[in-house]
Amino acid sequence: MCNPEQFVKLFAEGWARGEPTLLKILHPEGQMRHPGMARPVAYADAPDYVRRIKSSLPDVRLEVRDWAARGNTVFIEWTMTATVRGTPVTWDGADRIILRDGLAIRRSSLLRHAPNRCRGRSRYPPTGPDGRS
């Protein structure tokens, strides 16, 4: 269990190492959603989701730019970088995270610039446990 400041530290440290921290910060009853997802990712689907991210974007990194918290709600502003089809890309976004017992029970991401929607094709891995959106 951690407070919002400790939560943001775990979030930032994992992403700085290129290790999506979802498995460490998601509550067992938690869900997360990003723009373009057909449905939220639940805790049980998180290991496969992280594996697909790392398979598609092996050099992905996220840098926390700023954060704020009020009660159990944490806002994290970030910049993500990765190589997509041999081209370095960078995009900015923010997460709104609701904590329960110091872990994310709900995580919603907003993207300012989303390279995953260029030309109408998703460059993120599929969202479903069966490999389909």
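The model is predicted: local features need pLDDT of at least 70, side-chain atom pairs count only at pLDDT 80 or more, and totals for chains, interfaces and linings use all residues. Residues are numbered from 1 along each chain as its sequence is written, and side-chain values use heavy atoms, with hydrogens and water left out.

Start with the sheet. Six strands form it, in the order E2-E1-E6-E5-E4-E3. The sheet is open and its pairing is mixed. Strands (E, at least two residues) and helices (H or I, at least four) are DSSP runs, numbered from the N terminus. Two strands count as paired if DSSP finds at least two bridges between them. E2 (41–42) and E3 (61–70) stand at the edges; each has a single partner strand, so one side of each is left without a neighbour in the sheet.

Helix H1 (residues 4–16) packs on this sheet. H1 touches E3, E4, E5 (87–100) and E6 (103–111). Contact means heavy atoms within 4.5 Å. The direction of H1 makes about 170 degrees with that of E3. Such angles run from 0 to 180 degrees between N-to-C directions, with axes fitted to C-alpha atoms, for helices over the stretch in contact.

Now step across the strands. E3 pairs with E4 (residues 73–84) in the antiparallel sense, over nine bridges. Here alanine 69 stands opposite valine 74. E4 and E5 are also antiparallel, over 12 bridges. Valine 74 stands opposite isoleucine 97 in E5. These two strands form a hairpin with two residues between them, and arginine 85 in the turn has a positive phi of about 55 degrees. E5 and E6 run antiparallel, joined by eight bridges. Their hairpin has two residues between the strands, and aspartate 101 there takes a positive phi near 55 degrees.

Arginine 70 lies in E3. This residue is exposed, with a relative accessible area of 71%. Exposed means over 50%, buried under 20%, and partly exposed in between (1.4 Å probe, protein chains only).

Next, the core. A nonpolar core is a set of buried Ala, Val, Leu, Ile, Met, Phe, Trp, Tyr and Cys residues joined through side-chain atoms within 4.5 Å. The largest one has 29 residues; Phe7, Leu22, Tyr49, Val60, Ile76, Met80 and Ile97 touch the most other members. E4 gives the most to this core, with six residues. Leaving aside neighbours within four places in sequence, the contacts of phenylalanine 7 include Ile25, Ile76, Ile97 and Leu103.
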